[in-house]
Amino acid sequence: MIIVMKPEHTQEELQKVVRRLEDFGLRAHISQGEHRTIVGAIGDEQILREVPLESMPGVEKVMPILKPYKLVSREFKPDDTIIKVNGYSIGGKRIQIFAGPCAVESREMLEEVAKALRPLGVNFLRGGAFKPRTSPYSFQGLGKQALEYLARVREETGMLIVTELMDPRDTVLVCKYADIVQIGTRNMQNFKLLTEVGNIEKPVLLKRGMSATIKELLMSAEYIVSQGNEKVILCERGIRTFETETRNTLDLSAIPLLKQLTHLPVVVDPSHGVGRADLVPAMAKAAIVAGADGLMIEVHPRPEEALSDGPQSLRPEEFSKLMDELRRIAHIIDREI
Ligand code: PEP
Ligand code: MN
């Protein structure tokens with residue numbers, strides 16, 4: 001249930017509403033929008049059925065939210081959420097590009113790719129330090145060493161860092177280096193991990209589980225936001241279907257659908273979405289036309305030598321051409337890159 005306050009409500013009236021909810025064993029979540037203050041009642045709201053909140057001073061209306069996700073729903077917050085990270089915005093007019101190798105393989109390689117990306121206007125460098133690999137015998141990432149390389153490149157280039165957290169025990173370590181903490185597809189429903197990142201200050205890029213519905217993705221986002229971290233970026237990265245020509249099936253319809261259902265920013269990862277470098281540019285372009293707020297794209301200086309996800313990684317030259325095309329499209333759809 002959400003309680004919409006009158007535009008002219010006082011702080012005292014707001015506090016009274018909060019106390020009333022707490023008296024009934026519920027938690028109040030206050031959302032201070034540009035035009036409206038909205039209070040979300042968290043807990044078993046059946047209790048409130050008999051409580052006439054609507055007649056309390058300062059309250060405009062009380063609305064049940066029928067969806068199972070509440071805080072992340074558009075009903076709760078009609079305005080788009082814009083997440084600010086060190087001066088860059090995610091979710092506004094500008095489409096942000098998160099690019100870089102699948103995994104940090106060495107300091108030299110990371111520097112090489114970052115130096116190719118930075119002049120192209122890429123503000124966020126992605127790169128895995130802890131890699132969730134299907135085989136225990138595959139490259140697992142360089143761990144802390146990779147985080148240190150990322151930090152060094154951040155200092156050298158000013159690019160901000162996006163890297164994956166797989167284990168709640170690494171939260172402090174990863175947060176020390178990451179500007180945005182990524183939760184991968186395999187962990188979208190790792191509820192302990194979601195609760196953990198719900199309690200950090202850093203924004204979280206939450207990837208859709210490869211077999212997760214849109215509703216499940218939003219419920220996972222709700223886990224994080226309900227803990228107090230409202231800085232969640234959703235990421236469509238392809239889902240499993242019967243098709244085998246592509247690694248996954250990139251669900252482009254998820255973009256406009258998510259934009260309807262939630263106020264959170266939506267980013268698309270065409271690299272994991274299709275798993276083939278030759279298809280990545282077309283899917284990246286389609287994603288921004290469909291309304292994506294950002295793109296996550298794997299780029300490797302020599303994909304044939306990559307320790308993970310080489311077949312889906314663009315070479316810097318290919319990526320540069322794509323950036324030109326994306327800029328032209330962004331202009332037509334009244335956005336910026
Ligand atoms: C990645 O971004 O490198 C990654 C492992 O992504 P996903 O969790 O979507 O497979
Ligand atoms: Mn990858």
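**Labels and their grounds**

Modeller: Strand β9 (residues 160–164) supplies the largest share of the lining of the largest pocket, three residues. The model is predicted, so local features need pLDDT of at least 70 and side-chain atom pairs 80 or more, while totals for chains, interfaces and linings use all residues. Residues are numbered from 1 along each chain, chains are lettered from A and ligands numbered from 1 as written, and side-chain values use heavy atoms without hydrogens or water.

Biologist: What makes you place the second largest pocket where you do?

Modeller: Domain 1 (2–63) and domain 2 (83–332) both contribute to its lining, so the second largest pocket lies between them; the bounds come from an automatic or database assignment. Its lining has 18 residues, with S31, K77, T81, E230 and H263 nearest the centre. Strand β2 (residues 27–32) gives the most, four residues.

Biologist: Why are both faces of strand β11 (residues 204–207) called covered?

Modeller: Buried means under 20% relative accessible area (exposed is over 50%, partly exposed in between, 1.4 Å probe, protein chains only). V204 and L206 on one side and L205 and K207 on the other are all buried, so both faces of β11 count as covered.

Biologist: How do you know which strands pair with β11?

Modeller: Pairing needs at least two DSSP bridges. Strand β10 (residues 180–183) has three to β11, in parallel, and β11 has four to strand β12 (residues 232–236), also parallel, so both count as pairs. V204 is the bridge partner of V181 and stands opposite V232 in β12.

Notes:
Helix = DSSP H or I, 4+ residues; strand = E, 2+ residues; numbered from the N terminus. 1 Å grid on protein atoms, 1.4 Å probe; cavity = no way out; pocket = protein on both sides within 12 Å on 5 of 7 lines; lining within 4 Å.
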